[in-house]
Amino acid sequence: MNEADKGPVSALAREWARLRGDFWDFGMLSWIPVVLCGMLWLVFSAGIARDLPIVVIDNDNSTLSRQLTRWLDASPGIAVAAKVASSDEALHRLRERTAFGYLLIPNDFEQKLLGGRQATVQWLYNAQFSSHAGALLRDVRTVSTTLSAGIEMTARVKKGMSGVQAAAQFEPIRTTLNSLYNENISYEAFLTLALMPAMLQIFIVVAVVTSIGRELRDGTVPHWLASANGSWLRAVGAKLLFPVIAYCALALLYLLFFSLARGWAVAGSLPALLLSMLLLVLAYCGMATLLIAATLSLRLALSGAAFITAPAFAFAGQAFPLMAMPAPARAWAEALPLTHYLQLQTKYWLAGAPWRYGVQEMLILAGFAIGCGAVGVFLLARRAHAPAAWGRA
């Protein structure tokens with residue numbers, strides 16, 4: 001083996017020895033992301049919110065009002081926690097978070113319904129929790145509409161109308177609702193599939209910044225560079241190789257777990273999704289290299305990593321529509337690789353899109369990887385070799 005060939009091997013051997021000798025650094029590339037992602041999955045593993053507590057104020061206490069209460073409690077998303085006597089008591093439970101809404105049934109509820117008049121029930125809910133509120137509102141409407149339709153059809157049948165005619169006249173225009181791509185409206189598909197890459201990008205940036213930043217902080221840059229025969233490209237490549245392998249393996253594990261064990265099969269192009277995952281890892285490796293090269297400080301680079309990656313999911317267009325964001329927020333979102341990757345994942349994994357639908361986003365991720373990585377290596381070569389750049393916290 002000639003001297004030119006020894007550089008990469010020596011640099012890789014040095015990096016591998018460093019990883020093996022540091023329990024936490026090795027954990028950042030292996031078991032720590034697995035444990036934290038597993039804990040994250042457990043939060044949303046139920047998929048659908050069930051038995052959210054509400055309270056009922058039944059001022060009528062009639063057969064129909066009690067039937068409405070029973071049907072609400074039987075609805076999968078609702079649990080009637082209690083019947084209370086007043087709105088003050090109901091609001092007290094909402095403030096305690098022991099209930100997320102309450103239904104007020106008026107004292108003339110059954111009388112109006114049996115008399116052929118419209119009866120109004122009031123549904124009041126805590127809108128601070130939009131997910132809770134949306135799920136509860138859907139089930140309350142379903143139950144009240146079903147009960148209302150049954151009463152109306154029964155009345156028309158008693159007047160001599162057939163059941164088919166009664167149903168047709170009660171609902172002359174019927175809307176058929178069909179959910180696409182996430183038929184069960186599962187939070188596992190909606191949130192967990194998106195939160196896993198959001199967590200992965202944090203680990204990637206922190207691992208790369210820490211790996212390079214310690215060489216600067218400890219003043220070991222000459223030894224690091226010597227192991228690569230003086231080549232900054234080889235030196236940085238050796239630093240990035242193990243994170244790229246580890247996080248690509250974790251991404252593949254994440255894909256296998258959710259597609260095989262959890263039943264969220266990839267509906268679109270699997271090769272395109274795998275390429276997207278690789279580009280995500282490379283994009284954040286490049287961004288981390290640029291971050292430490294620009295700051296030459298482990299402390300500042302880690303602070304920058306937290307600023308960029310921690311809130312990235314909030315700007316990714318999953319929790320709030322990207323097109324509805326103000327221009328500055330959307331510009332920041334477009335500057336994050338996670339935003340473009342999640343668009344690719346949504347297209348390929350759930351929506352069944354062919355590979356060509358994500359070419360633009362893949363080119364953007366490749367641009368992040370090549371552009372940030374090249375600038376980062378250039379800055380390191382220009383600035384990090386000077387002793388003045390060493391020893392900074």
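1. Strand 3 (residues 101–105) is mostly covered, for five of its five residues are buried. Buried here means under 20% relative accessible area, exposed means over 50%, and partly exposed lies in between (1.4 Å probe, protein chains only). Gly101, Leu103 and Ile105 point one way from strand 3, while Tyr102 and Leu104 point the other way. Strands, like helices, are DSSP runs numbered from the N terminus (at least two residues of type E for a strand, at least four of type H or I for a helix).

2. A note on the basis of these remarks follows. The model is predicted, and local features need pLDDT of at least 70, side-chain atom pairs count only at pLDDT 80 or more, and totals for chains, interfaces and linings use all residues. Residues are numbered from 1 along each chain as its sequence is written, and side-chain values use heavy atoms, with hydrogens and water left out.

3. Strands of a sheet pair through backbone hydrogen bonds, in parallel or antiparallel fashion. Two strands count as paired if DSSP finds at least two bridges between them. Strand 1 and strand 3 run parallel and are joined by four bridges. In this pairing Val56 stands opposite Leu103, and Ile57 stands opposite Leu104. Strand 3 and strand 4 run antiparallel, also with four bridges, and here Tyr102 faces Leu124.

4. The loop between strand 1 (52–58) and helix 4 contains Asn61. Phi of Asn61 is near 50°, a positive value in a residue other than glycine. Asn229 likewise has a positive phi, of about 55°, and lies in the loop between helix 10 (221–227) and helix 11 (232–261). With a relative accessible area of 39%, Asn229 is partly exposed.

5. Eleven salt bridges are found in the whole structure; each is a side-chain nitrogen of Lys or Arg within 4 Å of a carboxyl oxygen of Asp or Glu. One of them joins Glu15 and Lys239 at 2.9 Å, N to O. Glu15 lies in helix 1 (residues 3–21) and Lys239 in helix 11, 224 residues apart. Glu15 counts as buried because its relative accessibility is 4%, and Lys239 counts as buried because its value is 1%.

6. How far apart are the closest N and O atoms of Arg18 and Asp25? They are 2.5 Å apart, in a salt bridge. Arg18 is partly exposed at 23% relative accessibility, whereas Asp25 is buried at 10%.

7. A nonpolar surface patch of about 640 Å² is made by Phe23, Trp24, Trp31, Val35, Leu36 and Met39. Helix 2 (23–28) and helix 3 (31–44) each give two or more residues to this patch, and helix 3 gives the most, with four. Patches consist of residues with over 30% relative accessible area and no salt bridge, like charges being joined within 9 Å and nonpolar side chains (Val, Leu, Ile, Met, Phe, Trp, Tyr) within 5 Å. Accessible areas come from the Shrake-Rupley method with a 1.4 Å probe, and for residues only the protein chains shown count as cover.
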